[in-house]
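Hi everyone, thanks for coming along. Have a look at the sequence and the model on the screen, and then I'll walk you through some of the local geometry.

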Amino acid sequence: MEPFRILTGLVAPLDRANVDTDAIIPKQFLKSIKRSGFGPNLFDAWRYLDRGEPGRDNASRPLNPDFVLNEPRYRGAQILLARRNFGCGSSREHAPWALENYGFRALIAPSYADIFFNNCFKNGLLPIVLPESQVDRLFDAVKAFPGFTLTIDLERESGTSADGSIAFAFDVEPFRKHCLLNGLDDIGLTLQHADEIRAFEAKRHAAQPWLR
């Protein structure tokens, strides 16, 4: 998992509340568990004018000109600004995979569904929670100023706009912060104890050779 320390990125506004995980990555794409390849189908039903299917070449599909991520001004965005209860619905881990595969590293919203919120941290995404009044201000700024960027500093738990006119603080639970700063997912945390695991296995094999 890639560490998250300081990110300066373009902000894209998804001005919808209660965005569920089936909207983030539709159910027909859940057959794969490779953690990769989901970016082209992020928000598939909203990005395209036809129905997407696994293995289909998205380059030839008609884009929905009214969907925000298809607007040229938001191309390459790494920060997604959203409304309350983002990531509700089913608990599919494919949702943060798709967001990360697309290129997002941070999310900002007033609230998230619990399971989605937890899955974000385990997959290198930083979900920032801000009061609705601050989120409203960010939406206004993003829409008013093309190319609006934010710098997010996880160590300091702060965010600032390029011109310094907007600044905010956020909270991240210390253990989750440690994992993001060091790029540690559940597997990475386990591998930190690889020597101890090998020593235990060697001891067990010596004491109980019939279990080999």
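**A walk around the sheet and its helices**

Let's start at Ser-90, which is partly exposed, with a relative accessible area of 34%. On that scale, buried means under 20% relative accessible area, exposed means over 50%, and partly exposed is in between, using a 1.4 Å probe and protein chains only. Before I go on, two notes on the source: this is a predicted model, where local features need pLDDT of at least 70, side-chain atom pairs count only at pLDDT 80 or more, and totals for chains, interfaces and linings use all residues. Residues are numbered from 1 along each chain as its sequence is written, and side-chain values use heavy atoms, with hydrogens and water left out.

Back to Ser-90, then, which sits in the loop between strand 2 and helix 3. When I say helix or strand, I mean DSSP runs numbered from the N terminus: H or I with at least four residues for helices, E with at least two for strands. The C-alpha atom of Ser-90 is separated by 8.6 Å from that of Ile-115, although these residues are 25 apart along the chain.

What is the order of its strands? This is an open sheet of seven strands, ordered 4-3-2-1-5-6-7, with mixed pairing. Strand 4 and strand 7 are at the edges with a single partner strand each, so one side of each has no neighbour in the sheet. From one strand to the next, the twist averages 25°. Two strands pair, by the way, if DSSP finds at least two bridges between them.

Let me take the pairs in turn. Strand 3 and strand 4 run parallel and are joined by four bridges, with Ile-108 opposite Ile-128 in strand 4. Strand 1 and strand 5 run antiparallel, joined by five bridges, and here Leu-10 stands opposite Thr-149 in strand 5.

Strand 5 (residues 149-153) also pairs with strand 6, in the antiparallel sense over four bridges. Leu-150 has Ser-161 of strand 6 as its bridge partner. These two strands form a hairpin with four residues between them, and Glu-157 in the turn has a positive phi of about 55°.

Which residues of strand 6 are on its covered face? Gly-159 and Ser-161 are, while Ser-158 and Thr-160 are on the uncovered one. As background, side chains in a regular strand alternate between the two faces of the sheet.

On to the helices. The axes of helix 3 (residues 94-102) and helix 4 (residues 114-122) come within 9 Å and cross at roughly 50°. Axes here are lines fitted to C-alpha atoms, for helices over the stretch in contact, and angles run from 0 to 180 degrees between N-to-C directions. Helix 3 and helix 4 are therefore oblique to each other; under 35 degrees counts as roughly parallel, over 145 as roughly antiparallel, 65 to 115 as roughly perpendicular, and the rest as oblique. Ala-95, Pro-96 and Leu-99 of helix 3 make the contact with Phe-116, Asn-119 and Cys-120 of helix 4, where contact means heavy atoms within 4.5 Å.

Helix 4 has Phe-116, Phe-117, Asn-119, Cys-120 and Phe-121 buried. Those buried residues pack against helix 1 (21-24), helix 3, strand 3 (106-109), strand 4 (126-129) and helix 6 (174-182). Just after helix 4, Gly-124 takes a positive phi of about 85°.

One last stop: Asn-58, in the loop between helix 2 (44-47) and strand 2. Is Asn-58 buried or exposed? Asn-58 is buried, with a relative accessible area of 14%. Leaving aside neighbours within four places in sequence, Asn-58 is in contact with Pro-40, Asn-41, Asp-44 and Tyr-48.
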